[in-house]
Amino acid sequence: MPAPLLPAPGPARGLALAQMVNAVGDGAYYVCSALYFSRVVGLTATQIGAALTLAWAVGAVAGVPLGHLADRRGPRGTAVLLACATALAVAALLFVRSYAWFLPVVCAYATAQCGLAAARQSLLAGLVPRGARTGVLAHLQSAANAGLAVGASLGAVALHTGTPAAYLTVLAVDAAAFAGCALLLWRLPAPAGGEEPVAAPGGRGGGFAVLKDRPYALVALLNTVMLLRMPLISLVLPLWIVERTAAPGWTVSLLLVLNTVAVMLFQVRVAAAVTGLAGAVRTARSGGAVMLASCAVFGLSAVVPGPVWSVVAVLVAGSALLVWGEMRQSAGAWQIAFGLAPAGRQGQYQGFFGAGVPVARMLGPVLLTALVLGGGVPGWLVLGGFFLVAGVGMGPAVRWAERRGAGAGRVPVRNAPRSTGHPPVRSGLPRTTAGTNGG
């Protein structure tokens with residue numbers, strides 16, 4: 001039975017609503033941005049690709065210092081400022097008509113986006129008890145998918161209209177959505193102690209301690225490998241369906257809808273079983289195994305005999321396995337990312353861990369198209385092997401990080417009380433615990 005889309009009333013619901021509003025704008029932007037940049041701004045495909053690659057590279061690097069800023073100056077105020085900065089960057093795209101202006105604006109957009117993700121994670125850590133964070137993040141993921149679906153529908157209307165005014169309207173909606181997100185974040189209570197940061201623990205080095213934390217870096221790298229599933233569903237699988245299978249083109253839309261709806265309905269229930277690092281490791285490991293199975297099924301779709309409906313059935317089965325593995329991988333990663341980060345440094349640690357998303361966006365399309373479209377069925381199996389190895393490797397990497405944390409005076413997180421999906425939220429009470437894409 002699907003869990004409720006939003007958590008119980010309180011700060012957790014406020015975070016989910018901010019995420020949903022943000023996602024409505026993102027959904028419309030993702031559908032229309034490429035055609036806007038080419039048809040209205042007048043850029044070539046090469047210029048767009050190069051600029052976006054550079055922008056997400058800058059954003060990935062900026063996540064740590066902006067997360068550190070949230071740790072030192074307060075996550076709520078930092079998140080609000082970065083949401084406003086993102087709104088201004090999107091609004092600036094309304095007036096860009098040359099590559100010379102397009103490049104710095106999209107770099108500012110990606111930087112603000114990555115910093116906002118880190119600051120929101122730090123804010124969540126300050127408002128939600130440790131044992132409930134994974135459940136709240138699952139609600140945020142479900143809310144984001146609902147918002148993306150609404151936004152994509154708005155974007156589809158603009159695509160059908162096909163006029164510059166329609167594309168400009170979509171960008172204006174995205175800018176307004178980030179402004180609305182900033183307002184919702186501002187209405188949340190400040191974490192315990194107001195906007196003052198929690199004192200950083202000793203023994204982990206000063207400044208950007210995460211850059212010296214090799215076990216955590218290994219965990220983040222393994223998670224980045226598993227995040228290669230992101231361009232898989234949005235880019236590689238559609239190309240595979242069109243070029244290598246007998247399935248009709250509408251199958252692409254069917255699988256995307258299946259993925260979105262499944263996450264909306266079941267991510268919270270999947271995450272409810274993850275209550276500590278030990279459970280998170282098992283969940284991430286099983287997620288890698290399920291994604292291996294999905295890759296094998298997708299490879300089978302090119303050689304399955306019989307009528308077209310049988311090919312579509314195989315692709316639907318592979319997509320169902322992929323989204324099941326995705327939800328398990330996400331739930332495990334959220335718990336691991338929060339559980340291994342020391343108190344007072346959630347922002348910079350989440351910024352570092354979250355850098356896997358822009359890295360997957362940058363490198364995934366090139367790597368996966370070469371591997372899958374160039375390698376065929378064996379390429380699918382190799383990709384699935386990467387997912388499995390990364391999932392299995394999480395166990396030793398997390399244990400190494402736990403030993404490192406214990407040696408630095410941080411108590412490892414084992415098993416916390418089970419999350420119900422409706423977590424109690426502390427406001428105005430002293431923080432007693434340290435603390436988990438998307439994705």
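Biologist: Where does Pro189 lie?
Modeller: Pro189 sits in the loop between H6 and H7. Keep in mind that this is a predicted model.

Biologist: How accessible is Pro189 there?
Modeller: Pro189 has a relative accessible area of 25%. Buried means under 20% and exposed means over 50%, so Pro189 counts as partly exposed.

Biologist: How far is Pro189 from Gly14?
Modeller: In sequence, Pro189 and Gly14 are 175 residues apart. In space, they are 9.7 Å apart, C-alpha to C-alpha.

Biologist: Let's zoom out. How many helices and strands does the chain have?
Modeller: There are 13 helices and zero strands. Read from the N terminus on, the elements run α-α-α-α-α-α-α-α-α-α-α-α-α.

Biologist: And how much of the chain is buried?
Modeller: The chain has 439 residues, and 55% of them count as buried.

Biologist: Which residues make the contact?
Modeller: From H5, they are Gly155, Ala158, Leu159 and Thr161. From H6, they are Ala166, Tyr167 and Val170. The residues of this H5 and H6 contact divide into five nonpolar, two polar and no charged.

Biologist: What about H5 with H9? What is the angle there?
Modeller: Helix H5 (residues 133-161) and helix H9 (residues 250-272) cross at roughly 170 degrees. Their axes come within 8 Å. That makes H5 roughly antiparallel to H9.

Biologist: Which residues of H5 and H9 are in that contact?
Modeller: H5 brings Thr134, Ala138, His139, Gln141, Ser142, Asn145, Ala146 and Ala149. H9 brings Asn259, Thr260, Val263, Met264, Gln267, Val268 and Ala271.

Biologist: How do the residues of the H5 and H9 contact divide by type?
Modeller: Seven are nonpolar, eight are polar and none is charged.

Biologist: New topic: cysteines. How many disulfides does the structure hold?
Modeller: Zero disulfides. Take Cys181: its nearest cysteine sulfur belongs to Cys84 and is 9.1 Å away. A disulfide needs the two sulfur atoms within 2.5 Å, and Cys181 is in no disulfide.

Biologist: Is Cys181 buried or exposed?
Modeller: Cys181 is at 0% relative accessibility, so it counts as buried. Cys114 is buried too, with a relative accessible area of 13%.

Biologist: Where is Asn223, and what is it in contact with?
Modeller: Asn223 belongs to helix H7 (residues 214-226). Leaving aside neighbours within four places in sequence, Asn223 is in contact with Gln329, Ala333, Phe353 and Met394. At 1% relative accessibility, Asn223 counts as buried.

Biologist: Why is H12 called largely enclosed?
Modeller: Helix H12 (residues 346-354) has nine residues, and seven of them are buried, so the rest of the structure largely encloses this helix.

Terms used
Residues numbered from 1 in each chain as written. Predicted model: local features only at pLDDT ≥ 70, side-chain atom pairs only at ≥ 80, totals over all residues. Heavy atoms only, no water. Helix = DSSP H or I, 4+ residues; strand = E, 2+ residues; numbered from the N terminus. Buried < 20%, exposed > 50% of the residue type's maximum accessible area, 1.4 Å probe, protein only. Contact = heavy atoms within 4.5 Å. Axes fitted to C-alpha atoms, helices over the stretch in contact; angles between N-to-C directions. Parallel < 35°, antiparallel > 145°, perpendicular 65-115°, else oblique. Nonpolar A, V, L, I, M, F, W, Y, C, P; charged D, E, K, R; others polar.
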